[in-house]
Amino acid sequence: MRQTLRRSCAACARAKHSCDLRTPRCSRCIKRRVPCVYANEPLTAVPEIMALRLGSLDPFDSYPQTRLRRDHVQRLIHSFLNKIAFQYYPLDLSAVSNPFLISWWPLALGDPALFHVSLQTACLDEELLAQKGFGTSELLMADSVALLRRRVEDATLAVQDATMNSVITLATIEFGKGNVEISKMHVDGVKRLVDMRGGINAVRQTSPLTARMVSWVSMLIMCRPQFSTQDDVGIGDGIPPIPEWQLDGDPPGLYDTDSIDIDDRVKSVLTRLRRVFGRAQHTPLTSTRLHDLTCFVVHRLLSAETPSPLTECVRHALILTMLTAQGPTYYSHGVMLDMILARFKENMGRLGPTRGTVGVWLVATGAVASAGTAHHRWFMERERAGSWDDAFARIRSLLWAETLLSRDVFRAHWEAVG
């Protein structure tokens, strides 16, 4: 029998859906969070053409020089452009608009420090797969640090995007390797650079990718906000809200949130999110707009700690809702997620039995957000009252992002314990 020439992945083929042939997983499978299996190796003409256009396979070696062999550098460049860029920024899986390709990479080609740091991310990925040590990435790390020291000593170069991008990426690399104190040192360093630029919002005005990455990654590493937020109408030097945050009118939903006895700061976030999610049913948020909303909301809520168990439960559930809707960006939020889940459990224990609409929403949110963690069993063992249809009606009446959250996932967790 003649071998099939099908290039699309099995999931797209079954659904008769166009497949973009991205490896190791196509865009559709990433969004749907399903396995992506190819019957045949996808054609690589489009990525290769994109790589050539961006200068990755440069016969004149016009990129910054390194101590690595030319063929090794070429391989790492190809990996960064075709794999790492999309892992770092899954918010945009298009090769013609992903900011790591159209903004970050051209900057790296002209900056030795950022170029070395970028190669290092691809090298670590390569070495983790090979499981033969980290010799090359350590060499790149030494050179990256040396190059960065020279930049930081120059006040003009210190505040440039390339410097900030390099420092926050080194923080991420060190954090991933378990070198937490070194990672935090890099975070402190990039915060000083942001201050020198006039604050995180000033950075955002000229360099959105840098501002997004610095604010989000620094929070993941430190497990607490490193920058303030603007107020609800967008005044201040901190992280700004998205335009939808300023929507007026009664939020959709049948549940009267005024009846929840919680801190006004947390209640305000809940009310505004109901408005934003209500609008998103008709005009869905883009992935980048969702990330900006998540960054703003999580920063705002992490700074709103109170002594009230109910307020704390709602506060943590709102953070978990945003993390669930967005998913990992730039770097896994697993460490911070574990911290939030632990505090959520503690306050739910202090709160006692959770019934009614708020209780159903809290339990369901915790069960879904904790999937794959050591906390999952605890949430799954919480008392379930009523059918899924009744539970979902309650969840939807309080807070539900119809276009962002999977109803099937929530249902599966609700019904798993019968």
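A search of the whole structure turns up 15 aromatic pairs; rings of Phe, Tyr and Trp (its six-membered ring) pair if their centres lie within 6.5 Å, and planes under 30 degrees apart count as stacked, over 60 as edge-to-face and the rest as tilted. One of them joins W245 and F296, an edge-to-face pair at 5.2 Å centre to centre with 75° between the planes. Keep in mind that this is a predicted model, where local features need pLDDT of at least 70, side-chain atom pairs count only at pLDDT 80 or more, and totals for chains, interfaces and linings use all residues. Residues are numbered from 1 along each chain as its sequence is written, and side-chain values use heavy atoms, with hydrogens and water left out.

**Aromatic rings**

- W245 sits in the loop between α12 (208–222) and α13 (264–280), while F296 belongs to helix α14 (residues 287–302), so their pair ties together parts that are 51 residues apart in sequence. (Helices, H or I and at least four residues, and strands, E and at least two, are DSSP runs numbered from the N terminus.)
- (Buried means under 20% relative accessible area, exposed over 50%, and partly exposed in between, using a 1.4 Å probe and protein chains only.)
- W388 and F392 make a tilted pair, because their ring centres are 5.4 Å apart and their planes are at 35°.
- Both W388 and F392 lie in helix α19 (residues 388–398), four residues apart, or about one turn of the helix. Both are buried as well.
- There's also an aromatic cluster, made up of Y88, Y89, F100, W104 and Y330.

**Histidine 186**

- H186 is found in helix α10 (residues 180–197). With 13% relative accessibility, H186 counts as buried.
- Which residues does H186 touch, leaving out those up to four places away in sequence? They are V167, L170, A171 and E174, where a contact means heavy atoms within 4.5 Å.

**Cysteines**

- How many disulfides does the structure hold? The count is zero, a disulfide being a pair of cysteine sulfur atoms within 2.5 Å.
- C223 is buried, with a relative accessible area of 16%. C123 is buried as well, at 0%.
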